[in-house]
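Here are my notes on the model you sent over. Have it open beside you as you go through the points.

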2 protein chains.
Amino acid sequence: MLKKILTLVFVTTAIFIGNAQEANEVYNIIPWPAKVKTVTGSCILNEDFKVNIQGDYHSRIYGGASRFLRRLADKTGVFIDQGFATKKNEYPNAILQISIERPGVVKLGEDESYSLDVSEGKIILKSTTDIGALRGLETLLQLVSFSETEYFFQTVKIEDEPRFPWRGLMMDVSRHFMPVDVVKRNIDALAAAKMNVFHWHLADDQGWRVEIKSLPELTEKGSDGFWFTQEQIKDVVAYAVERGIRVIPEIDVPGHATAMSVAYPQISSKKDTVYTIERYAGVFDPTLDPTIDETYEVLEKVIAEMAPLFPDPYFHIGGDENEGKQWAANEDIQKFMKEHDLKDKHQLQSYFNIKLQKILKKYGKIMMGWDEIFQPELPKDVVIQSWRGKEAMIQSAQQGSQTILSNGYYIDLNNSMKGHYLNDPLEKDNPLTPQQAKNILGGEATMWAELATPLTVDSRIWPRTAAIAERLWSSQDVNDYDNLRKRLVQFNLDLELLGITHLSYRDVILRNMANGRNIMPLQNMTAICEPLKGYTRNMGGTEYKTYNPYTLFADACVVDASDAVAFKHAVAAFIQKHNEENRKAVKIYLQKWATLYDDLKTLQPNPTLQKIMPIAERVQNVCKPLLAKMNGEKAKLKKKDFKVLEAPVEDVEIVITTDLQLLFEAL
Amino acid sequence: MLKKILTLVFVTTAIFIGNAQEANEVYNIIPWPAKVKTVTGSCILNEDFKVNIQGDYHSRIYGGASRFLRRLADKTGVFIDQGFATKKNEYPNAILQISIERPGVVKLGEDESYSLDVSEGKIILKSTTDIGALRGLETLLQLVSFSETEYFFQTVKIEDEPRFPWRGLMMDVSRHFMPVDVVKRNIDALAAAKMNVFHWHLADDQGWRVEIKSLPELTEKGSDGFWFTQEQIKDVVAYAVERGIRVIPEIDVPGHATAMSVAYPQISSKKDTVYTIERYAGVFDPTLDPTIDETYEVLEKVIAEMAPLFPDPYFHIGGDENEGKQWAANEDIQKFMKEHDLKDKHQLQSYFNIKLQKILKKYGKIMMGWDEIFQPELPKDVVIQSWRGKEAMIQSAQQGSQTILSNGYYIDLNNSMKGHYLNDPLEKDNPLTPQQAKNILGGEATMWAELATPLTVDSRIWPRTAAIAERLWSSQDVNDYDNLRKRLVQFNLDLELLGITHLSYRDVILRNMANGRNIMPLQNMTAICEPLKGYTRNMGGTEYKTYNPYTLFADACVVDASDAVAFKHAVAAFIQKHNEENRKAVKIYLQKWATLYDDLKTLQPNPTLQKIMPIAERVQNVCKPLLAKMNGEKAKLKKKDFKVLEAPVEDVEIVITTDLQLLFEAL
C-alpha cells in the first residue's frame, strides 16, 4: 500500500522522540505531543474509513467523532461513507478504534491524556476519558497527508498528555461585542489547539454583556443593545463543554465599572454623576462603592444568576487597574476606611474582595482575579492571574495560591509570536519548590478588544494563540520557533476550515479599500507592514472610539508579516552565501517592492488609499535602486536613505527595513 | 466644495429619470429607484456627519440609523463622531434629516416608500413609515462616493417605492443546516437589497429544524442535533422585524416528511417501517397519513407552538412533490378515499390541506403552499407559490388567490443571473385584468440547500438575488443587464462588509486544496469554470450525501465566472474591431490561460488537484496555440480541437469555450 510519498520522509522506526529533531520535520502536529515515535508506512483514507467507539464515556465523544468525520471529509474531499458516530461498538471492524475508560468531567485537572497508534490499515486511540479522546482526534486530523493519488494518515506511535492543566484564551467581549458565532468558532479553534479554558470577559467600562434578569438595567442601559441572553450563555457553555473546554466568566469589579455605573449609579463611588458608556480605551475612574450594602446586594444578584449558567467552579472578578480616584474623593469612603482601619486603597479593595469571596462561596464558586487582588489580607484559596509581570505568579505559588500566567501572552498588543512562544510559565531556573510549582496551573492568552472587532479579532488571536497552546501543552524543551512556524502552515489551514477568518478577513478590507479594483498591490503592502505594537496605535486610548472604523489598512495587517518573515530568511541566507539561488530568492521580493508605488497608483485614488501612498512610495524609492544594485547596475543609495522607512504611517510600521539595510550593507 | 470628482460625470440637473439611461451610469443604486433626478454637486462626508430623526415612528429606526452610521464608517474609514441614534430630534442641525409620518408595521403591503433629497450639505429623507426610512438609508449608503481627497454623497433627488409588495428569499435549512449567524447575515443582505420577506424552510426529508416542546422527538430524532431553539427563532424573527423584513415559516407536508416520520412513524402512511433521516437529495416516499386524526393532532401541536413565534399571518405548509406512492400502497388510505369520494391523490391532498387550513385559521394563520396545492377544491384564501412554471400563478390570480413567483428564481440551480433578472412576474402581455394582476404579490428567490453549506451558501445566493430584488422592486422597464452588472461591483463590496462571504469563501476552499501553496493558478481556473447547472451535478440526488464534502473545486466556482464574462466582452469587441486595444484586451486572458497547466503543476500534487488537472491541461492546449496565432505565429489549431473543452470535469464546465471558438474563427 505504500505509495509515492511526497510530503514526508521516513527517518526512523523505533526511537521514542520527545523533543524530536527528526519527528517534528515529519509530522505537523500542534501542540507537539509528549512522546512521538515515527513508524514507517501509511494508513490510507478512503470512503470506507469508519470510527468505532468502545468503553465507558460521556456522549460528547459522539459529537466529537462526527465532527472529526466531517472535518476529515472537508479537508480531503473524500466521500467518507460514515457520517455520524451515534452508538457504542457500531462498527467493530472500523479502521479507527477509540477505546475510553471512563466518562470525562470538564473540570480543572481532568485527565486529558491519550495514546495514538497509527499503523497500516489500523488506528488505535486509547484514553482514560472521552476528553482525552477528543484531544487525540485533533492529533489524528493533523496526521492527514497525501501522495499524488491518495490521502492517508501518517503512521506513528504517540503518547501524550499536557504539561499544564489550565490552557486558556480570554476574550474581551465588552470593548467590542463579539456575537455567539465569533465565540463559538474560537472555541472550536481552542479545541483544535488542545486548549481547555475559555475565559469570557463579560463586563467592562465599554459594555455590560450578560443578561441579569433581576437587574435588567445592566443590559438595557449598559450595553448599546449588544449582550448575551442567558439562553445564549447556556448554549455557548454547552458548546464548550461538548469540546472539553471549561468556561470561566469574568465580571470586572470594583474598577472597570462604567457600564455598571450607567445602570446603577447608586453603587458607584461618585453618586452625583450621570454616567455614560465609555467610548474610549484606557483606565477610567468609575469604581463600585465597597462601603455600602447595596453594592453587595447587586453583586449577589449578579452572581446568583450567573453561577448556575457556568458549571465550572471558578469565577473571575477582575480586580485590575483600580486607581482609587473615586474612593479618594469620596468623604464617606474615606471615613469608612478610617473606621475600619483600612490604610490604603489596596486594603479597601481586599476588604471588598473578601466580602465578594464570601458571596461567591455561597454559590459554590472559587474566586479568581487579576494580580492586583493578590494582597496579604486575602485568603489563599483564590486563583491569581498574573499579567503585570511574573512576580505575582511566583509569590502566589510560594504562598500557596493557585495562579496562571498571562504576562507575555497579551496577543492584543501585536507582538511577534516568537516572544509568546518562548515565554514559559515555569522556567528552569525558578525559585519554587516542586510543591509550590504545582500552584502554577498554566496560562491564558488575553484578547483585549479595544482595537478588535468581529471582522478582525480572529487575525489577532490566531495563529499566535497556537504558539501559546504549545507552550502550555508541550514539554519545556519543545522550543524551536522555526520548526513551529513550519508546522503552522497546515494548522492555519485547519483553523480556516473550522471557520476562523484570520486568513480570509484581510481581503475583505482590501477589496473595500480598492473599490473593486485589483487588490494585489495592497496585498503586497500588508505582507510587509504590521500594526503598531503595544499601546502606540491608540495613544492614551483616545485616538479610537469603540464605534470608529476598524476597516483600515492597519486592521488588514497582522503580526509576523508573511513576506517580511520570508525576506528575513532570504537575506540571511544570501549574506551567508552569495550564490545565484540565494540572490534569486532575495530578488523575488525586491522586484515586487520596486514597483509597489506604481502598482498602487493603478488603483482609483480615494482618501484611504492616499493616506498609505507614502508607504508604497518609500518602499519603492529604496527597493528600486537596491534591486538595480543587485543587478550590478549603478544606483544612488546611501545608508541614511533607509531612515525614512522607520516612521510609522497610518498606524503601521514597515517591517522589512532592517533586512533591507543588512542586504544593502552586504552588497 | 466641488472637488476633483473621479467617479461620476454630471450629465443633467433637471429631468426626472425613471428608467434612466444616464442616471444609472452615475449612481450605483440597487434596486433602481422609481424616480431619480440627477443634481449637480456633492455632500461631503466627514467626522461631523450626524443623523437627526423626527416625526412619529417605531424605535427600529434608531437601530437602523445606528447601523447606517457604522456601515458608513466601515466603508469609508471616516471617524464619524456620532455613534448611535437614540432620541427624537437629538441633532437638529444634523446633515441627514429623517422625517417619518407614522410607525411602520412589518406586514404585507406596508408602505415602504421614501423620498431622498441629497444636496450640498443637506440630506432630507422623508417617508410615511420607519420601514420606508430604512429602505431610504440603504439607498443613501449606495450614494457614497469619493474624490482623491474626500468622501461624499452624490447629490440627487429620488422618489421611490416598490413595484411588488412581496420580495423574498427562501432559505432551505433542512438539507444542510444553516446556523443563526448564516441566517442573520443573509437577512442583513436582504435588507440591503430592499427585500422584505425571509421564507424559512424549516423541515424536510433531511432534517426537522425547529424545536417543538410538546413533540421533542422531532428534533431529538429528526435533526442530527442541528436545529433552532424557540429562543433562537424569536431572536431571528426580532432581528428581521428590526430590519423591516417579514419571516414566513415553512413546514413541508404531507410529502417531504422523512424527518417527521423518523420521529413519529405512526403518522406516516407506511407504518411498519423504521425511518431514518434522508441522506440523499430528491423526491422520497415518506408522506403523512391524511386519513387519521393523530396526524392532525401532531400538526396542530406544531402549529400551536410555531404560530406565536412568527408574528406574520402567513404560514407555508409546503405541499410539493407528493407522488402519493405511500398512499397508493396503503389499503386503509385507499379505502378512505373511496368512502370519501376522493378520486385521486390530488383530491386526497386537498382534503388534507383543507383540514390543515382550518387548524391554521384557528391560530390566526393564512395558508401558503407550493403550486401543487392549487386545486379546485381548495378555498381561495391561500397564497400559491408558483415554482413549476408561471401557469399556476396566472390561474391563481385569475381565480382570486394571491400568488408569488419562484419559477425562474431557483438560484440553487446555478443559472446565469441574466435569466433571473429578466424573469418578470407580470409580463406586459399577460392575460390578467388589472384587478386579477393585483393578486400577483411578487416573488421569492429559492435557495435549496442540497449542495450548499454555511461555507458556500452565500455564494449561491449573492449577487444573483440582488438581480431578483431589482426585478421585484424596480420598474418593469429597468432591464439593462449590463448596467445592472456595472452597479453590482459596488453592491458586492457592500454585501461583503455586511458579512456576506460570497467573495471571501472561494479562497478558503482553494487554500485548503493547495495546502498552503500559491492559489493564483486555482483562482484563475475558478474564474473560467462554473458549477454544473440544473440538477446535473447531483444526478438522481445520489451522487452527494448531505455529509459529503462541499469543499471541492466545483464549490469554489460560481455562476457568471468573472474572467469568462470579461473575456466574452473582450472577444465581442475584438470581433467588431480588430484594433490594437481590443487585441490586447483579449490577449491578457489568453496569456493567463496559455500557462494554466504549467502553473497548476507548480503546486504540490494531491488527489484533489489531480482530478482538476485535465481542466488546466485542456485550456492550455487550446489557448497556447491560439495566443501564438494572435501573435502572428504559426499554430496548429482546428475547430474540432475545441471540442475537448465541452466535457464537464469534476462537476464544473469550462465556460470560455464558445468565445474561444468565436475568437479562433475571427482570426
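**Notes on the two-chain model**

1. Let's begin with the interface: 56 residues from chain A and 56 residues from chain B make the contact, where contact means heavy atoms within 4.5 Å. This is a predicted model, so local features need pLDDT of at least 70 and side-chain atom pairs count only at pLDDT 80 or more, while totals for chains, interfaces and linings use all residues. Residues are numbered from 1 along each chain as its sequence is written, chains are lettered from A and ligands numbered from 1 in the order in which they are written, and side-chain values use heavy atoms, with hydrogens and water left out.

2. Between them, chain A and chain B bury about 4,600 Å², with 59% of it on carbon and sulfur atoms. That area is the accessible area (1.4 Å probe) that two parts lose on being put together, summed over both.

3. What about charges and polar pairs? The rule finds 4 salt bridges across the interface of chain A and chain B, a salt bridge being a side-chain nitrogen of Lys or Arg within 4 Å of a carboxyl oxygen of Asp or Glu. Glu496(A) and Arg511(B) meet in a salt bridge through their side chains, at 2.7 Å, N to O. Polar contacts between chain A and chain B come to 17 residue pairs, both residues at pLDDT 80 or more. Such a contact is a pair of N or O atoms within 3.5 Å; within protein, one must be able to donate a hydrogen and the other to accept it, and residues adjacent in sequence count only if both atoms are side-chain atoms.

4. On the side of chain A that touches chain B, at least two residues each come from helices H2 (60-76), H6 (230-242), H17 (481-497), H18 (505-514) and H24 (607-630) of chain A. Helices (H or I, at least four residues) and strands (E, at least two) are DSSP runs, numbered from the N terminus.

5. Now the fold itself. Chain A has 25 helices and 19 strands. Its C-alpha trace spans about 80 × 70 × 50 Å along the principal axes. Chain A is divided into domain 1 (16-160), domain 2 (167-494) and domain 3 (505-666), with bounds from an automatic or database domain assignment. The C-alpha centres of domain 1 and domain 3 of chain A are 42 Å apart.

6. Over all chains, the structure holds 76 salt bridges. One of them pairs the side chains of Arg487(A) and Glu470(A) at 2.7 Å, N to O. This pair links distant parts of the chain, with Arg487(A) in H17 and Glu470(A) in H16 (residues 464-473) of chain A, 17 residues apart.

7. Please check the backbone at these spots. The peptide bond joining Val253(A) and Pro254(A) is cis, with omega about 0°, and Pro254(A) sits in the loop between strand E12 (246-253) and helix H7 (258-263) of chain A. Another cis bond runs from Trp462(A) to Pro463(A), omega near 5°. In chain B, Asn515(B) has a positive phi near 50°.
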